[in-house]
Amino acid sequence: MEITERLRQYVKHHGSDVKTWFKDFDKHNNGYITLNQFRRGIPQNLLSQGEEDLLLGQYSDPVTGTVNYFKMNTDVNRKVRRARLDHAKLVAKLSPDHVENEHVPVGTEELLHAVGIYWPAKPSREQVEDHIKKQVYKERIRLIEFFKDYDRHNCGLVTEAQFRAGLRLSKLQLDELQINAVVRAYMGTDGRVAYRRFCCSIESVFTVSDLEKDPLAEVYPPARSYLVQGCNELSPAEEARCREIIARFRTILKERRLLLAPYFKDFDKRLGSMGRVTRSHFSRLLSWVNLEVSENDLYILFKKFEDRQMAKVNYMEFIRTIDPETYGPGSTHHAVFPSLSNYLPAGTGADLPEERPESPEVTLLAVMDKIRVHVATKRIRVSEFFRDFDKLRCYSIPTQEFVRGINRIGLTFTDEEYNLLVTAFTDEDKKGCCKWKAFERMIERVFTDTDLESQPTKVPTVPGVSASPYVHSDKLSDKEMAVLHSVVQSLANHLNVRETSIKPFLKDFDKLYTGNVTKTQFRQCLTYIKVFPTDAVFEVLCKRYSKSGADANLAVAERQSRNKDPIKDGAERICYLMFLKELEDYMHHGILPKNDGASNFSTASLQVASAAEYTDANKHLIEPQARRPKPTPILDGDGQEQLMMRIKTKAKSERIRVIDFMSDFDHLQHGKITKNEFRRALKVLFLNLTDIELATLESMFQCKTDPLMVDYGSFSDEIESVFTVKGLETTPLREPDRFESYEKGADPSINVLDSKEEEILQNVLKRFRGKVRQTRMDALSYFEDFDFVKEGTITTNQFRSVLNTISLPVSDEEIRVLARKFAVDRNMDRVNYRLFSSSSAS
């Protein structure tokens with residue numbers, strides 16, 4: 001019915017239910033409401049009067065005068081199979097490259113069912129099985145498990161209904177035409193379907209049938225090109241327009257240094273990250289990252305990158321096309337497939353990825369050292385990659401398995417490097433095998449010698465292969481070294497002024513503690529500390545601290561053969577530990593980086609080059625170089641004593657436990673924290689400390705073994721002395737000394753009044769003495785009511801409240817003079833009432 005279909009579309013679009021329209025009228029929840037309630041529950045402007053009458057005639061009971069809205073809800077929610085369009089008729093009308101309903105509004109393709117799966121009218125058995133194999137391999141489905149329960153006699157046959165039920169249980173994306181094609185292919189003369197023969201054909205994507213008869217047969221996984229769909233073909237005009245769009249996107253990504261994959265992956269919620277998003281998600285993400293395109297250009301991108309079988313956009317192919325430097329072949333974000341064609345049987349080379357160009361001549365020693373450096377850095381156990389292949393534990397495996405194990409280590413090798421390793425570890429006793437145990441022993445020597453348990457007196461000797469990131473071999477010219485020196489000096493001054501460090505930001509990106517980050521991450525960390533280097537300056541930093549320079553045993557010819565931009569070369573990483581070491585050497589010792597091995601290096605030439613030729617390259621880096629900040633002066637002996645007395649008084653009055661605020665910075669619990677951390681804790685505890693006073697405290701409690709650290713344990717013990725004496729458990733009979741703020745009860749640097757203020761003070765004291773003498777009261781007890789810890793001080797507001805209570809009102813000027821005379825600190829927020837009482841008594 002047309003009305004029911006309209007209601008179904010309305011409910012699906014709004015995500016509602018027919019029951020929700022009428023349930024407020026149905027008090028007994030029996031599914032019946034009155035005619036008037038039915039008309040009131042229908043959404044406004046949805047149906048006309050005549051259409052409502054038709055619905056009432058369909059669902060009302062003329063005897064009781066009620067409407068069964070439960071039945072109406074069932075009819076609206078009933079699934080209706082859509083009529084399939086005749087593809088043969090469409091082909092006759094449309095051009096061959098036309099896509100059905102390609103220009104539906106974005107966001108409505110799923111609601112209107114405009115984007116479907118494109119199949120011929122009568123698909124063949126091979127086409128359907130190929131489609132099922134891809135789904136089964138991706139989802140790891142074992143089909144035979146869904147048919148076994150129907151085959152009680154284990155004869156490999158089930159009825160057609162049971163076969164269809166098994167396919168539905170497997171959750172495969174098949175329509176009626178595809179199921180019919182499979183049923184026709186495997187149905188016997190008795191009307192039953194040979195499900196076991198069907199499952200064997202599908203499972204050939206995982207293995208080879210009857211493998212037990214030929215145990216030496218090689219089984220290879222399907223190629224990536226078989227499982228992953230690439231870009232679609234377009235007309236020449238659309239291809240030209242698509243290239244213009246891609247070129248514009250590449251320019252924008254290069255300027256803004258965007259990574260698109262994280263944005264798309266948030267929408268790719270399918271298990272295994274299928275690399276597909278809907279058209280609506282694709283359009284929203286382009287708008288989100290400000291990659292604006294017109295409507296026609298958007299549909300060209302849909303046609304180019306759409307996976308028509310899944311009716312979604314293949315975003316992985318899209319980002320590989322517009323950002324090949326980051327996600328293309330050879331980048332760190334792309335899974336590089338080494339060429340193994342030399343070690344596979346004939347006839348399988350077509351399933352492998354395209355081979356890379358040949359690399360320059362390399363030696364076995366360079367390849368082994370490259371592996372040792374990687375293994376030592378990542379702490380990898382090589383045997384884990386070969387042990388599973390050695391079923392007989394004979395320490396010899398086929399050449400194909402040996403190459404696969406090497407590839408799993410995590411490095412990229414050329415065909416020549418594979419040949420060198422295979423030739424070096426070939427097993428002469430077994431044809432076509434390699435000795436993986438010998439390979440493991442040579443690699444594991446980077447940690448220690450093997451078989452030390454049989455030679456307990458032997459001193460271990462480690463080969464001269466270093467994974468230290470401080471070793472570098474890339475040399476810079478004098479001009480580049482001038483830029484490097486200028487950058488290091490500017491960064492040091494910048495960090496000193498801001499009192500910050502770049503090290504925590506770099507460590508956040510180094511999850512595996514390898515001492516290396518990508519070039520994008522390194523530049524991002526510089527922006528975190530408000531440093532924005534130009535491309536010329538950043539290129540010098542990349543040449544100096546790139547990871548390729550840290551591999552001392554890497555062949556020079558291989559580095560020269562890359563011929564890549566130092567900034568864009570995604571295969572290289574930045575060794576930030578070497579960068580931090582050279583930066584700290586200059587900040588603490590004034591030592592600039594050296595260009596070891598450069599023959600024409602001279603300080604004078606660097607200064608001339610820096611002043612004459614590299615002024616423009618550095619003016620956009622950071623702030624102009626300034627002189628080193630002068631050391632902050634500290635207080636003398638009397639000033640230090642007064643400072644400690646103020647801190648102790650505040651800790652005593654406010655019951656502050658200093659060590660609780662500083663121990664959080666000491667993760668190793670060794671009693672030391674940095675000076676910056678010491679200042680942060682003091683600023684939380686004592687807000688009114690100046691820079692000179694903070695510098696004085698740092699100097700007083702500076703760690704003797706490390707001048708950059710502060711012994712906060714000694715500082716805490718000194719402050720805690722106002723409460724008790726350390727080590728009192730060893731002398732239980734000792735009486736702790738009572739803490740007195742000042743010898744005369746006042747701070748001579750604070751409680752000083754001029755002649756006018758002294759006159760005001762004496763007037764208030766005279767009035768107070770007269771009031772006490774007149775009323776015969778104990779004024780001290782009024783103050784002690786506010787002093788819960790009995791330490792002799794109360795707040796200024798509490799002091800004024802007591803004076804008002806005993807009928808001795810004071811003005812603002814008088815309370816200011818009293819607070820200044822009897823204050824215990826510079827803030828004048830607490831008053832020594834005992835000193836006030838003794839002064840008034842005298």
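D61 stands opposite T66 of strand β3 in this predicted model. Strand β2 and strand β3 (residues 66-68) are joined by 2 bridges and run antiparallel; strands count as paired if DSSP finds at least two bridges between them. Helices (H or I, at least four residues) and strands (E, at least two) are DSSP runs, numbered from the N terminus.

Local features need pLDDT of at least 70, side-chain atom pairs count only at pLDDT 80 or more, and totals for chains, interfaces and linings use all residues. Residues are numbered from 1 along each chain as its sequence is written, and side-chain values use heavy atoms, with hydrogens and water left out.

- The open sheet consists of 3 strands in the order β1-β3-β2, with antiparallel pairing.
- β1 (32-34) and β2 (60-61) stand at the edges with a single partner strand each, so one side of each has no neighbour in the sheet.
- Helix α5 (residues 69-77) packs on the sheet and touches β1 and β3; contact means heavy atoms within 4.5 Å.
- The direction of α5 makes about 30° with that of β3; axes are lines fitted to C-alpha atoms, for helices over the stretch in contact, and angles run from 0 to 180 degrees between N-to-C directions.

**Helices α37 and α38**

- The axes of α37 (residues 796-805) and α38 (residues 812-822) come within 11 Å and cross at roughly 120°.
- That angle makes α37 oblique to α38 (under 35 degrees counts as roughly parallel, over 145 as roughly antiparallel, 65 to 115 as roughly perpendicular and the rest as oblique).
- α37 passes α38 in a right-handed crossing, the term used if the near helix is turned clockwise from the far one by less than a right angle.
- T796, F799, R800 and L803 of α37 make the contact with D812, I815, L818 and A819 of α38.
- The residues of this contact divide into 5 nonpolar, 1 polar and 2 charged (Ala, Val, Leu, Ile, Met, Phe, Trp, Tyr, Cys and Pro are nonpolar; Asp, Glu, Lys and Arg are charged; the others, Gly among them, are polar).

**Residue R250**

- R250 lies in helix α12 (residues 236-256).
- R250 is partly exposed, with a relative accessible area of 39% (buried means under 20%, exposed over 50%, partly exposed in between, with a 1.4 Å probe and protein chains only).
- Leaving aside neighbours within four places in sequence, R250 is in contact with T321, I322 and P324.
- The C-alpha atoms of R250 and P324 are separated by 9.1 Å, and these residues are 74 residues apart along the chain.

**The chain as a whole**

- The protein chain contains 39 helices and 16 strands.
- Of its 842 residues, 40% count as buried.
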